[in-house]
Amino acid sequence: MTSTATPYADPAALAAVEEARAALVADLGRDAQDVGDHLGHLVEADGVVTHLFACTRKGYVGWRWSVTVAHVEGGPVTIDELVLIPGDEAIVAPAWVPYRERIKPGDLGPGDLLPVGDDDARLVPTYSFGDDPLDADAKAQVRQVAQDLGLGRARTLSPEGYDLAAERWYDGIGGPQAPIAQSAPHHCHSCGFLVRIAGHLAGSFGVCANGDANDDGRVVSMDHGCGAHSEVRLSKKQETQPIPDHVIDTITDELDAL
Ligand code: SF4
């Protein structure tokens, strides 16, 4: 059971600033000059106090030496722990992010492998298992059986997988917010270069197959668009004007030169 009562601030432990400093200096040896002023204390528990000292070591701005002492009635003050800890203004490394979460599209190089976990929410088994939860072994067996029987893909996109892909594509450079789509005269849904796709996303996306367009080979949303739309026509003003015939000057020597 944990107590929420304020811990007892033992006077002997509170007063043991020089004992704490002496223990720190002895522990640091040649680096003892890195110990600065006493910055204060924290009462950790009944009879347990941590004294904080400034750290003057180069490169450790904002760090503090922490010396925890303890005292029980009738006994001496003892040193429990010496440690260097970062203060609020200390420069510390950013929080650790697991490797799997740091990978971004485009990070994968030739030969790199990026296994997808058995429990990846973006995928579901190709055929249903009802409500029975499967452990990792069972899932591996199912994959093996699917491969042995030639069923094709052991897993396919889950509803979540579809949603994530659609969101990513729609918000990306193949979506309606892309600058090229914002000033496009027509949308992809009416473009002859749009290749229709099958499946759940068929109504919202297709693939651009115009080799002259920026989006050639890319998934584009139906309301994306660009100036290379198949039905784009130039106005009379924008059309290239034919070059007029040469005018021959019959007054000067130009005619003689012919
Ligand atoms: S050419 Fe332009 S409008 Fe046509 S499908 Fe490609 S991106 Fe869409």
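Reader: Which residues of β3 lie on one side and which on the other, and are they buried or exposed?

Author: First, the ground rules. This is a predicted model, where local features need pLDDT of at least 70, side-chain atom pairs count only at pLDDT 80 or more, and totals for chains, interfaces and linings use all residues. Residues are numbered from 1 along each chain as its sequence is written.

Now the idea. In a regular strand the side chains alternate between the two faces of the sheet. Strands are DSSP runs of E, at least two residues, numbered from the N terminus. A residue is buried if 20 or more other C-beta atoms, placed from the backbone, lie within 10 Å of its own; 12 or fewer make it exposed, and in between it is partly exposed. In β3, W63, W65, V67 and V69 take one side. R64, S66, T68 and A70 take the other, and both sets are buried.

Reader: Which strands are joined to β3 by bridges?

Author: Two strands pair if DSSP finds at least two bridges between them. β2 and β3 run antiparallel, with 7 bridges. Here A54 stands opposite R64. β3 and β4 (residues 78-86) also run antiparallel, joined by 8 bridges. There, T68 faces E81.

Reader: Where is K58, and why does K58 count as exposed?

Author: K58 sits in the loop between β2 (48-55) and β3 (63-70). K58 counts as exposed because it has 7 C-beta neighbours inside 10 Å. Its C-alpha atom is 8.6 Å from that of D34, 24 residues away along the chain.

Reader: How much of the protein chain counts as buried?

Author: Of its 258 residues, 17% do.

How values were computed: Helix = DSSP H or I, 4+ residues; strand = E, 2+ residues; numbered from the N terminus.
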